[in-house]
Amino acid sequence: MRKERNPRPAETDPTNSPDVALDKPSLRQVILLISSLISLSHSVKVFASKWKLIRDKLEELNSGLIAADNCDSDETPAISDLIRKIIGTVTECDDLARRCVDLSFSGKLLMQSDLDVICAKFDRHAKKLSEIYTAGILLQGFAIVVSRPGLGACKDDMRFYVRDIVTRMKVGCSDLKRQALVNLLAAVTEDEKYVKVIIEIGEIVNLLVNFLGSPETELQEAALQVLHIISGFDSYKAVLVGNGVIAPLIRVMECGSAVGKKIAARCLLKFTENSENAWSVSAHGGVTALLKICSNSDSKTELISPACGVLNNLVGVEEIKRFMIEEGAISTFIRLSRSREDSVQINSIVFLQNIAYGDESVNKLMVKEGGIRGLVRVLDPKSCSSSKTLEAAMQAIENICFSSINYVNILINYGFMENLLHFLRNGDVSLQGIALKVAVKLCETSEEAKKAMGDGGFMPEFVKFLGAKSFEVREMAAEALSAMVVIPKNRKRFAQDNRNVETLLQMLDTEEVNSGNKRFLFSILNSLTGSSSGRRKIVNSGYMKNIEKLAESEVYDAKKLIRKLSTNKFRSLLNGIWHT
């Protein structure tokens, strides 16, 4: 016989809902009611933010009720009482939803207040259900696990799946929590859209952060892995930081398992890419913890490398940098720069470069602690350092030492010139390019450096690079030579080889008229006119007609060269050649 329904539910009897029979309601009926209300809420076009909050609470409550339904718990007194209260709230909410859809409410402020009250009620119901789970009454309800939707599943299915995981993470036993975390990790690893779902279901982030303090290693490590994936998304880092993830990560790094420490350091590496998080790491003792890891001889490469990276991200903050120096960071990283592990060696060299750059007091400390000598030793051809390590060492030496003549002289005394020349001659293409850039910068530091480079045999190598396919390489080589031939001894040495002058003049025909390279070539030729042998070789080279044409085309450097060649001594040789 069909049961009659009241046209309007009585407030004193919440079971008199439009969709619930007058007899004792079941969990399944409540779940259907909530599912129907969730669908109806999507039709509401007003008060969108408040309805989203209500919908989130409904989804959270529904996932918990579905888990409870797995163990036929309708007869449990606590559940029966909760069901009646939930139905009453659902009935009220259904009425509010329909009035919002029809725009039949009397006032906006009153409706907003009613929606706040309903949201608070659903929140209390969810917390009560959580308490029931915690008491162990419904523990077996987690035996049935919701299957993960396949790739391309709709967002609602993904949210339902994550909600089920949330319930297990909140109230399951250790095994069920661990399995829930494993399932969550598999989901975010396979489909990054689950990361967005996790962020939208805000409470799960807080649960993951709380697991970092778990005494159970497996739970801690699983939560760390999920957080590490989420931290890879720039737009979600602020959410994690806002949920207090920094402090527990540092605690894990201090006293967690080996795996946990490594993942925690990698998470912090991602968070500190944003300098705004530097102070948060420092405030929770992160700098001290990181320095301790780096100074501990027992620390493994997998941990030291990201720890170095985090400190590199923090060193740009002046106050933190000073604290690092006081804590002995310079000597620690000089020692690490001798590591046989590439990642550790590179990170430590970059750190030394960053902490010393533009700071004379730190540079002095670097010299005193043996840091400069250590960097030069990295460049020893016998050291078997990787190309990336060699490049990092060269760049560090340039940034730390080239601003001071005293430091350049120290480099020369340590044998830096010989090492640099070796890689100009024998390095791979990438390494040769870095070595050439450093050599060009070195030419600009002092007269002594130019003399030492001339004596050391750099000029023939620069001449070879003039024939490179890369315009950038040709230009750097020409720039270096133009700086070096300013020194009389170097100029004489360069002019002694007839092929050098001929190479320069040949290149004037191939380079674009206004290119930087051509300007450097003319600069070298103009310097060579400072010696009689240089002027003679230019005049007798057979390329004077080309230079004349360039001068007639108003190329300033060509006109300047013609003037210098047009002295009384050489005027007879230039008879017929345009001059001013």
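1. Which helix is Asn-363 found in? Asn-363 sits in helix H19, residues 360-369; helices here are DSSP runs (H or I, at least four residues), numbered from the N terminus. Asn-363 is buried, with a relative accessible area of 4%, where buried means under 20% relative accessible area with a 1.4 Å probe, protein chains only. Setting aside residues up to four places away in sequence, Asn-363 touches Ala-356, Ile-400 and Tyr-407; contact means heavy atoms within 4.5 Å.

2. A word on what you're looking at. This is a predicted model, so local features need pLDDT of at least 70 and side-chain atom pairs count only at pLDDT 80 or more, while totals for chains, interfaces and linings use all residues. Residues are numbered from 1 along each chain as its sequence is written, and side-chain values use heavy atoms, with hydrogens and water left out.

3. Now for a helix pair. The axes of H14 (residues 286-295) and H16 (residues 318-326) come within 11 Å and cross at roughly 40°. Axes are lines fitted to C-alpha atoms, for helices over the stretch in contact, and angles run from 0 to 180 degrees between N-to-C directions. H14 and H16 are therefore oblique to each other (oblique is what remains once under 35 degrees is called roughly parallel, over 145 roughly antiparallel and 65 to 115 roughly perpendicular).

4. Who meets whom there? On the H14 side you'll find Val-287, Thr-288 and Leu-291, which meet Ile-320, Phe-323 and Met-324 of H16. By class, that contact has five nonpolar residues, one polar and no charged ones (Ala, Val, Leu, Ile, Met, Phe, Trp, Tyr, Cys and Pro count as nonpolar, Asp, Glu, Lys and Arg as charged, and the others, Gly among them, as polar).

5. Met-324 turns up again in the largest nonpolar core, which has 151 residues. Such a core is a set of buried Ala, Val, Leu, Ile, Met, Phe, Trp, Tyr and Cys residues joined through side-chain atoms within 4.5 Å. Met-169, Met-324, Phe-333, Phe-416 and Phe-462 touch the most other members. Helix H24 (residues 429-443) supplies the largest share, nine residues. There's also a second, separate core of 36 residues, including Leu-40 and Phe-105.

6. Finally, take a look at Val-195 in helix H7, residues 193-200. Val-195 is buried, at a relative accessible area of 0%. Leaving aside neighbours within four places in sequence, Val-195 is in contact with Val-188, Ile-229, Ile-230, Phe-233 and Tyr-236.

Technical notes:
Helices (H or I, at least four residues) and strands (E, at least two) are DSSP runs, numbered from the N terminus. Buried means under 20% relative accessible area, exposed over 50%, partly exposed in between (1.4 Å probe, protein chains only).
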